[in-house]
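User: I would like to learn how to read a few features of a structure, taking each as a general idea and then as a case. Could we work through one together?

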Amino acid sequence: MNHLTLPPKQGLYDPKHEHDACGVGFVANIHGKKSHQLVEQGLKILENLTHRGAVGADPLAGDGAGILIQMPDSFLRDHTQKLGFSLPPAGEYGVGSVFLPQDPIERQTVEKLFAQMVQEEGQTLLGWRDVPVDSSGLGESVKKVEPFIRQIFVGRGATTADQQSFERKLFVIRKRVEHGVTALELNQGSMFYVPSFSSRTLIYKGMLLAHQVGEFYLDLRDPSMVTALALVHQRFSTNTFPTWDLAHPFRMIAHNGEINTLRGNVNWMAARRHALSSVALGDDLKKLWPLIDEGQSDSASFDNALELLVAGGYPLAQAMTLLIPEAWAGNPLMDEERRAYYEYHAALMEPWDGPAAVAFTDGRQIGATLDRNGLRPARYQLTKDGTILMASEMGVLDFPQDQIIKKWRLQPGKMLLIDLEEGRIIDDAELKRTLAQEHPYREWLAKTQLRLEELPPASQQAPENVRSTLLDRQQAFGFTQEDLKFLMTPMAATGQEAIGSMGDDTPLAVLSNKPRPLYQYFRQLFAQVTNPPIDPIREELVMSLVSFLGPRPNLLAVDTQNPQPRLEVHQPVLSIEDMEKIRSIHDLTQGTFRSTELSICFSANSGAKGMETALKAVCAEAESKVGEGFNVIILSDRAVSESMAPIPALLATAAVHHHLVQTGLRTSAGLVIETGSAREVHHFACLAGYGAEAIHPYLAFETIGDMGEYLPADLEHYEACKRFIKAVSKGLLKVMSKMGISTYQSYCGAQIFEAVGLNSEFVSHYFRGTSSNVEGIGLTEVAEEVLRLHRIAYSDAPLYRDSLDPGGDYAYRIRGEAHMWTPESISKLQNATRTGSFSTYKEYAKAINTQATELLTLRGLFEIRKVAEPIPLSEVESAKEIVKRFATGAMSLGSISHEAHSTLAIAMNRMGGKSNTGEGGEDPIRFKPMESGDSMRSAIKQVAAGRFGVTTEYLVNADDLQIKMAQGAKPGEGGQLPGHKVSKYIAKIRHSVPGVGLISPPPHHDIYSIEDLAQLIHDLKNVNPRARVSVKLVSEVGVGTVAAGVSKAHADHVTISGHDGGTGASPLSSVKFAGSPWELGLAETQQTLVLNQLRSRICVQADGQMKTGRDVVIAALLGADEFGFATAPLVVQGCIMMRKCHLNTCPVGIATQDPELIKRFAGQPEHVINFFFFVAEEVREYMAQMGFRTFDEMIGRADMLDTRQGVEHWKAKGLDFSRIFYRPSVPAGTSLRWTDRQDHGLDKALDHTLIAAAEPALERKEPVQISTTIRNLNRTFGAMLSGEVAKRYGHAGLPEDTIHVKVSGIAGQSFGAFLAHGISLELQGEANDYVGKGLSGGRIVIYPPSECPIKPEDNIIVGNTVLYGAINGEAYFRGVAGERFAVRNSGATAVVEGVGDHGCEYMTGGTVVVLGQSGRNFAAGMSGGVAYVLDEAGDFAHRCNLAMVELEPVPAEASLTDGDELESHGKVDVKHLGTEDAVLLKRLIENHARYTGSSRAREILDRWNEMLPRFVKVMPMEYRRALQELAAEHAAGLSSAAVQ
Amino acid sequence: MGKVTGFLEVERVEPASLPPAERVKFYREFSLDLSEKDLRNQGSRCMDCGIPFCQTGCPVNNIIPDWNDLVYHGRWQEAVETLHSTNNFPEFTGRICPAPCEASCVLNINSKAVTIKNIEHTIIDKAWENGWVKPIIAPHKTGKKVAVIGSGPAGLAAAQQLARTGHDVVIYEKNDRIGGLLRYGIPDFKMEKHLIDRRLEQLRAEGVEFRTQQHVGVNVNAQDLLAEYDALILSGGSEHPRDLPVPGRELEGVHFAMNFLPQQNKRVAGDEIPNQLTAHGKHVVVIGGGDTGSDCVGTSIRQGALSVTQFELMSRPPEEENRPLTWPNWPMRLRTSSSQEEGCERDWAVGTKAFLGENGKLKKLRANRVDWSKDPVSGQMKMTEIAGSEFEIPADLVLLAMGYVHPVQTGLLQQLGVSLDGRGNVSANTDSYQTSVAKVFSAGDMRRGQSLVVWAIREGRQCARAVDEFLMGSTNLPR
C-alpha cells in the first residue's frame, strides 16, 4: 500500500526504512462509565506528550496523532438521524472511519466497492456520513494530501449470529475493500485508508500535531461524544514524510516501540497461509490474504496480526501474549504452569520482537503490555473514582493528588488489563494464571514436546566422504589458514569468538580478486537510535536460542484438544550426534517426524547453468517432499567431490526457504542445513537469517579434529566441538542482540542483513526483501566463485597441494587478500609527514587513491569529474581554512596511551581542528592551556553508553558533545576494559577503582528510541548550551532515515561512520561483517536529509578509513561538511598496524598502557599537522580541477562524481553507483549543506529562573533557597544551573547544599540530570525517567505529596533508568523506582524503597540501599560499589545475577567511628570492605528518614537489631579484591604517592 | 603467534663465531649454532605483526611470522614447508643474505630485529639433518623442454620450479662446476660448497639435467638451443666488472676480485691451481667496500697477507641510521663484516689516483681524499677531491671489487640479439620476464644487474612461473 505523501523509493532512500516511536497513553473508567470528559482527557494527554513527538521542516506538520474511543452511540444516532437514516441498537451496527480520495469520481468508486462487499458478506449498508473537519490549522504540506474523511455505517446481517461474528465480517469486508482498491490502481488510491471499522470502537486520527486532533475533528468537541476509554498516540517519525495512515492508534493497538523482526514476522505470517485453518473464520480466512500489506509500518503489521488472532477466536489478552511473550525460557522464577503456557505457544508463533509498549483494546477491554526487556516506559495511576491513566510518562493529566490510590508501572513482559464490562482491573498475575489454566498445557507439552537432545542416540553413523581428502574439501569451501588460526582455533579451544583490533581495510567481497564465500556479501544490520541493542551476556535471561525443527502447529487452532507434536533444539548448531538423530528421526519418533535429505551439490563441469538448474531442482524436490509428508528437510553438501561442487549453502537455504514460503508450505516442515561451508559466527547468522532452523557444520568439526597440537593437548574432540558450538551460540546471541532481537525463533528468517555487491535480480529472486543498493554480481559470478574454489581444491597447484590459502584478511600476507594499509603506504605516509615532503605524501596518496591493480573501496571506482577550465590553485580556499573541517576519531584514553592521545589533541588544537576524547572522560588538567600555549583539551567530548568520566565539568569543557550510538568496528555492541588495563590514572579519570574491569553496555540505557535520543540531546544542550550536540551513527541501509530522525531530534551534528573504522578490541566477525561503507550511508543520509528539507539544520561528518584528500573530496561531494580521521593520524604517529591493540603490547607505544612500551612512542604534533595540511592541499588540487573556489560549493555535488570507466574486474564490473550519485529533485533554494541552527527550545527552561535566583551562590558562594513548581513538560530540571556551577567551580562545585531548590509537582524526564555538587533538589511529588542521570555531586530528594493517600513504599516515585552514569552525589527516593535503577553508577549514594529489574546493572562504584522488593537480574555486570538490599522474604538470591557478585550478610558493627566519608567523592570506598558496613547503612537510612520523612525508614531504624540481619550485602568479587589490594597498599604507605 | 610478550622478555641473541684468530686458520664456516632452546626463544620475539614488513622487506617474500611461530613451538618440519613455499634455497640465503628482512622488522623501529636470518638458517639445516628435504617429482610430464643458461641461484631456482611442474630442464654452465657465483664467487668460509652439491642432488632427482663447460655463445651456439628448446632462460649473471682506469692499471699485481676469489674456492674444492694468485706475504689493498671486497679481505688474511687495507670511495656512513626516516628500508650505516673483523684497515672517502710500480710490478698506490656534498640544484651527491690530501701506501696486490656494470654482452647475448636496457642489462620486465626475442626469458643479475642471491632466487622463481604460463597457457606456480 502506498502511503500518503511518502516519497517513492529513489536513490538510496527507501520508504521501507521509516521508523517511529512515540508517546502513548490511555485513560479509562474501569466501571465502564462513559463521559465526554474522557475524550477531553485523552486529547489533553496528547498535548502533554508533545515533546515525545516531532515536527519536520514544516512547523505545522506533525508526525501524526490520533484517538480511539468506544462507539459513541447516541452521538452517531443523532447525527445519522439528521442525515436521514437510523441505526439499529448499539452493537448491531458497525462504523468505518474511512479516508477517501478527494477526487469525487474515485471516491464514488471506492464507496461502490464498499457497498458491494458489504452486500456480498451479507451485511446491510446503512449510509455514509461526512466527518466534519476544520483544516485551517494544518500546514500546507499536510493539506495537500488531506483525504476526504467519511464514516460508513453497516448493519449486522440477519445470518450473522452475534456481535463477535459481526466484527469478523467487518474485518473481512475491510480486507476485501482494501484488496479491491489496490487492484483498482486509482490515481489517488494512496489516499484511501480505513482507520477503523468496528461495532465497538471508532478512531479519529491523521497527520496531525498533538494539539490538532481536537481542533481538526469537530466531532470530538461535541459534549454528546462520550466514551469510557480513550486511547491516544503521538508519533515521532524519523523522516518528515509522516502520513495520514501511519498515525496511530491502529484498529486495536497503539504502539510505542519498534518490531525489529518485522521482515521475518511478515514472511512467517505469509508462510503459514496454506497451513492455517480456523473454525471461527471458516472460508472467510482465504479472503483475508494478503493479510499484511508490503511496506506497512511495523505497528500496522502487528495490528494486522493481532486482528487475525482475535478474529480467529483468541481472547485479546491471549493474542497479545502470543505476539509479545514474556521471557520464559531463562526465568527460574516463573511458575510451572505459566512457563508451560508460554512454551506451548512458542511453537505456534515466533515473537514479534523488539522494544514495545503496546496499548490495546477491542472496546470492551483495554490494556497494555511491555516487551520482555521493558525497554519502553509505561506508568499508570488509579483514582478513587475508578479512572485509570496509563501513559509513557506521568504528569500528562493533573489528577488531584488526594484522589490517587495507586501509582505503578508496567514491568517487563507484564500486562495490565482493564475489563470495562466486568468493571475491574485484572493484574498480570491473575490474567496469566487464568490463561495458563485454560488448558492442561503441561500435559500437552509432555505429550507433544520432543527435545532433540533428549532423544536416544541414533544407531547409524555419519556417512564418511571417502572420495575427497579433508584438505580438498576445506579448499572447496574456501577455508583459509586464517580461518583455522584466527577464527576456529580460539573457538574450539576456549568457547569464545576471537578478538581483533583496528579496522577492516580489505576490499568488499565484490571488489576482491579472490573468490569469496557468498556469506561475505551480506552485512549484518544493527540497532541504532530507533531501537536499542541488547546485552546478551548480562541480560541473558531475555535471550533464547530455542529453535523448532518440525512443522509448526496451526496458529488458529484455538481450542484444539489434540495438539500437534513439535521437535525442538535448545540451540541451532547441531553436533555430530544431533545430526544423526535428525537423519534417523523417523525411527526415533515412531514416524511422527520424517526427515529427508536433499543434496545441494551440482556437477562441477555444468557451470553456472548447472548450478541454477540444481537450485531449481532442490526447490521443487523440497516442495514435493513436503507434499509427501516429510516434515524435516535436510539440505546437505556432503557429496562434494572432484566432480561435484557445492551450491553455496546460504543460497540453497534462502532459495528453498523462500520457495516454501511462497508456496505456503514453509510451516509444514523444518529446514536443517548440513554444510561444510559454515565455520564462523557470521556464516551461521546468515543461514539463520535466511531460514535455517538448525545447522550442522560437519567440516568445521572435522577440521577441529585435525587441528591436533594447535589445541590444548588434553582437549578431546568431542569437547572441542562442544566449545566450538558454544562459541557459535554466543556469537549468534551477540549478532541477534545487536539488532535488539532476543529469540532465535524470531531471528530465523528475519533477514537482518543488507547485501553489498549482489545484483537486484539475484537478490529479488533468492533473497527477496533484502536491500542491495550498488548492484554487483549475480548467479553466474556466484557460481564462478564456487567453481574457482573447486578447481583450486582439486588441482595440482603447488601452493595448494599441502596447504590452505593463506587468507590474509586479518593479517597482511603477500599471497593473501589486498589491503589499503600496506608496507608501502605506511612507510610512505610516515616518511612524508616526518620529513614534511608533499611529494612523498603524494606517492602515498596515489597508492591509496588509484587502486590500479587491486580494487579496495567503492570510492576507488569513482571518477571525479573535471571542468573544462580549471581555476588557478591560488584562487582556491586555503588549506588553513580546510583543515578546520577535520577531526580525529574517537579513541579513548585507555585504548591508546596518554602520549598518543594528547599529541593528537595538541595538533588538532594548533590547527583549529578537533580531537575527540573517545569514551572514558578526560583529565581535568587538560581543560587548562599548557604553559607553551598549546592545549591538550579535546574539543569533542564523547558521551558513550558507559558514561565513564562524563561529569558536568567534562560536558561544559566541550565544543562538541558526541553521543556515540555505534562504532564502525562493532556497531550494536558494548565493550569491556579489562581490570588489568584500568591503571590508577585511567581509574581516576573514569571515576572507578584501579584494577576493576569496566563494562560499557551495548545500548545507552537512556536511549531506547528516537524520542529518548531527543531527550538526551536536550539534556546535554542544557548542560552546555554552547556546544554542538553530535550523534555518531554507523553506515547501514536505512541510516539516512535515522539521520533524518536525529536532525528532527535537534542534533546539531551527525557523524556517519563507515563499517571499516578502527577499534581497540572487537570480535573479528563484527569488524568484518557489520555495517556498510560510508559511501553508501553518507549518500543515503544526504539524500534523505535533502528530500526532507532537514539538511540545513545539521552538520554532517563522515569517517571510516579516511586517508587522503581524494577521500575527503568524495565525501564532500556526497554531502559531508566535516571529516573524521583516526587510523591515518595514528599511522602518522607511528602505528604500523600490528592489530594487537587488545593485547596491550603495542610496540610503538600507541595502543598500550604499559609504561615501558609507552617510552617507545615517537609521534609528534608537527607530523600530524603535516598530514592534515597535505590532505588539505590535495583537496585544493581537486577543487581547482572541479572549479570550486570554496569548500562549501563542493558539498553535496554528487553530480561531479562518475563511475570509473574501463573496469574489467570479473566481479566489480556489475556494480552500479547511480543510486549513490543520485540527487533528489527538490525546490530551488533547498540547502545541500549545513547553514542553519537548530532551535533547541532552551529558552523555555525553568533553569533560567533558577540561575537568576542562584546568582549569589554562583557569584559569591552564598547559600540560596529557591522554590518552584514543576510539571512533566519541564524536563532536565537543574542541568543548566549545574553547567553554570561546573563552569565556575569545576567538578568540586559549591559547598554542600549551597543552592537548595524546593520543587513541587510531577517532574518531567531527566530531573536533576548532571546535578552539580552544592545543589540540592527536594521534590514533593514524583518524577519520570532518568532522574539524576550523570549526577555529579548534587543531592536529589523525592517524596510524595503529603495529601496523597498512597503507601509510598508500595507505589512508584521515580521512573526508569534513574542515576544512569551517576558520578557522585546522593539521592533519596521515598517510594519504588522503575527498571535499571543506578545503572552504570560510578559513585553516587542512593536510598530507595524498591527497584525494578536490572537494578545496579554495570555499577562500578557507589552505594545503593534498597529498602524493599527488587526486581530480577539485580547486579548484572556490577563490577564495583556495594548494594545493601533488604530481603525480608529471603528470596533475593534468586533475583540477583551472581555472575560477578557475592551476597553476604551486613556485619553488625558496634563501634561508631567518626565517619566523614559517608559521601563518596570518587575516593576509594575502603568502608565497603566490611569494617563499617552497618554504620554506613544505618546512617544512610537515617538520612533517608530525615530527608524524605520515610515511615519505612523509621520502622527499620526502630527495629534495627531485628532488621539488620535481613539486609544482604551485594559485593562484586573483583571490587573486593581491588579494595583489599588498595588497602594493603595504603597500609604500606604507598597509596598517596602512587595515586596521582 | 607464540608468545605475546616475547619481544619484551627476550633479548636478541645472534650466534657467536669462533674468534678471528682461530677462524682465519681455515676456510670453513665458523659460526656457532645457538642451542635449540635459545633459538626457539628467538622465534618468540616475533610479534606476528598485522602487517609483517619483513615479508615485503624480503625479496622472496618469506612468510617469516609463520615460521618464526612454528620454530617457537618446535614445529620444525612445518616450518621448513612454509619456508620452502617461498624460497628454494634457504640454506644459501640463511648464510649469505644481508637480511633486508631484519632491517624492515617492526622491532627494528625502536628495538632490535628478530634474528630472522639465523632462524631461517637453522630451519633448513635441521630439515637436511632430518631428511625432510626430498625431491618433489612432478606427477605429470608436460613434454616441454627448457634450457637454462647459467647455473647461479636464478638459474637453479628457475630450473627447480620448472622441473617440479613437469618440464624437461637442462642447465648449461660454462664452468666446470654448477653454482655460478655461489660456487666461485663466495668464499667457503661464508658458505661451504657441499651445501650446493646436496641441493644439486635434489634437482637432479627432480629431473634437471646439468651440462657443465658448455659456454653458450662460445662453445655452444645459442641459435641451436633456440631451435631445440621450447624456451630459453638467460641467467648468466652480471659478470662485467667495473674497472679503475688510472695510471698503472696495467701493472702486475692489479687484479679484479673475480680473478682472485675463484682460485681459492677451487683449491678448497681440491683442484690443483698452478700459479695461484695469492696474497701470501703481500701488502694487499682492496678497492671497494662491498661484500666482494670483504670476501677479498677474508681470503687475503687466510692466505697470509702482510697487511690488508680496504678503501671505499664513499664517505664513512653513520654508526646508527635515523630509523624514523629509514625504516623499513635498507639503511646506510656503518657495518663491519666478519672478514673486516679479522684484521684490516678500512678507509673511507678515498679516491685512487694511480698505481705505482717497479719493473711492471705493483709497489705502491697513490690516493687522495674526497669530499661528498649534495648538489643544491640536482639534489645528487657530488664528489670533490680535497686539495693536498694525496698520500701513498705500499701495495703488492690490489684487488678491484667495485662491482659489476652489466652482463657480458659478447657471445650469448650477441648471438641471440636480445635487446638491452639503458644500463646494459638484458631487457625484460618482471611480469613476463620475456626478452625481445621470442621464447627467450631472462632472470637474475643478467636482467636486473648486480644484486643479491635472494633477488636472483626471486627472479628465478617468478621467471619460471612466466615460462610455465607461456608454455602451458596458464600456471599454478606461485609468483
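User: With which residue does A:Arg552 form a salt bridge, and how far apart are the closest N and O atoms?

Analyst: Please keep in mind throughout that this is a predicted model. The general idea is that side chains of opposite charge can pair when their charged atoms come close. Here A:Arg552 forms a salt bridge with A:Glu350, and the closest N and O atoms are 3.9 Å apart. The pair links distant parts of the chain, since A:Arg552 is in the loop between β20 (547-548) and β21 (566-569) of chain A, while A:Glu350 is in the loop between α11 and β10 (356-361) of chain A, 202 residues apart. A:Arg552 counts as buried at 6% relative accessibility, and A:Glu350 is buried too, with a relative accessible area of 1%.

User: Which parts does the salt bridge between A:Arg451 and A:Glu343 tie together, and is A:Arg451 buried or partly exposed?

Analyst: The side chains of A:Arg451 and A:Glu343 meet at 3.0 Å, N to O. A:Arg451 lies in strand β17 (residues 449-451) of chain A and A:Glu343 in helix α11 (residues 336-346) of chain A, so the pair ties together parts that are 108 residues apart in sequence. At 26% relative accessibility A:Arg451 counts as partly exposed, whereas A:Glu343, at 8%, counts as buried, the cut-off for that class being under 20%.

User: How many salt bridges are there over all chains, and which residues are joined into one network?

Analyst: The count comes to 151 salt bridges over all chains. One of them, within chain B, pairs B:Asp347 with B:Arg369, with the closest N and O atoms 2.7 Å apart. Salt bridges that share partners join A:Glu120, A:Glu121, A:Lys169, A:Arg176, A:Asp284 and A:Lys287 into one network.

User: How should I read the interface, and what area is buried between chain B and chain A?

Analyst: The size of an interface is often given as the accessible area lost when the parts come together. Between chain B and chain A that area is about 3,100 Å², with carbon and sulfur atoms giving 60% of it. The contact draws 40 residues from chain B and 36 residues from chain A. There are 3 salt bridges between the two chains, including one between B:Asp48 and A:Arg813, whose closest N and O atoms are 3.8 Å apart. On the side of chain B that touches chain A, α1 (6-9), α4 (53-57), α5 (64-72) and α16 (323-326) of chain B each supply at least two residues. By class, that side has 23 nonpolar, 11 polar and 6 charged residues.

User: How can the length of a helix be checked, and what span should helix α9 of chain A have?

Analyst: The check compares the expected span with the distance between the end C-alpha atoms. For helix α9 (residues 298-311) of chain A, 14 residues at 1.5 Å a residue should span 20 Å, and the end C-alpha atoms are 20 Å apart, which agrees. Because 14 of the 14 residues of α9(A) are buried, the helix is largely enclosed by the rest of the structure. α9(A) is followed by A:Gly313, whose phi is positive, near 115°.

User: Which residue has a side chain in polar contact with that of A:Gln1101?

Analyst: A polar contact of 2.7 Å joins the side chain of A:Gln1101 to that of A:Thr1055. A:Gln1101 lies in strand β39 (residues 1099-1103) of chain A and counts as buried at 5% relative accessibility. Beyond residues up to four places away in sequence, A:Gln1101 touches several others, among them A:Ala887, A:Gln962 and A:Phe1123.

Note on methods:
Residues are numbered from 1 along each chain as its sequence is written. Chains are lettered from A and ligands numbered from 1 in the order in which they are written. This is a predicted model: local features need pLDDT of at least 70, side-chain atom pairs count only at pLDDT 80 or more; totals for chains, interfaces and linings use all residues. Side-chain values use heavy atoms; hydrogens and water are left out. Helices (H or I, at least four residues) and strands (E, at least two) are DSSP runs, numbered from the N terminus. The expected span of a helix is 1.5 Å times one less than its number of residues. Buried means under 20% relative accessible area, exposed over 50%, partly exposed in between (1.4 Å probe, protein chains only). Contact means heavy atoms within 4.5 Å. Buried area is the accessible area (1.4 Å probe) that two parts lose on being put together, summed over both. A salt bridge is a side-chain nitrogen of Lys or Arg within 4 Å of a carboxyl oxygen of Asp or Glu. Ala, Val, Leu, Ile, Met, Phe, Trp, Tyr, Cys and Pro count as nonpolar, Asp, Glu, Lys and Arg as charged, and the others, Gly among them, as polar. A polar contact is a pair of N or O atoms within 3.5 Å; within protein, one must be able to donate a hydrogen and the other to accept it, and residues adjacent in sequence count only if both atoms are side-chain atoms.
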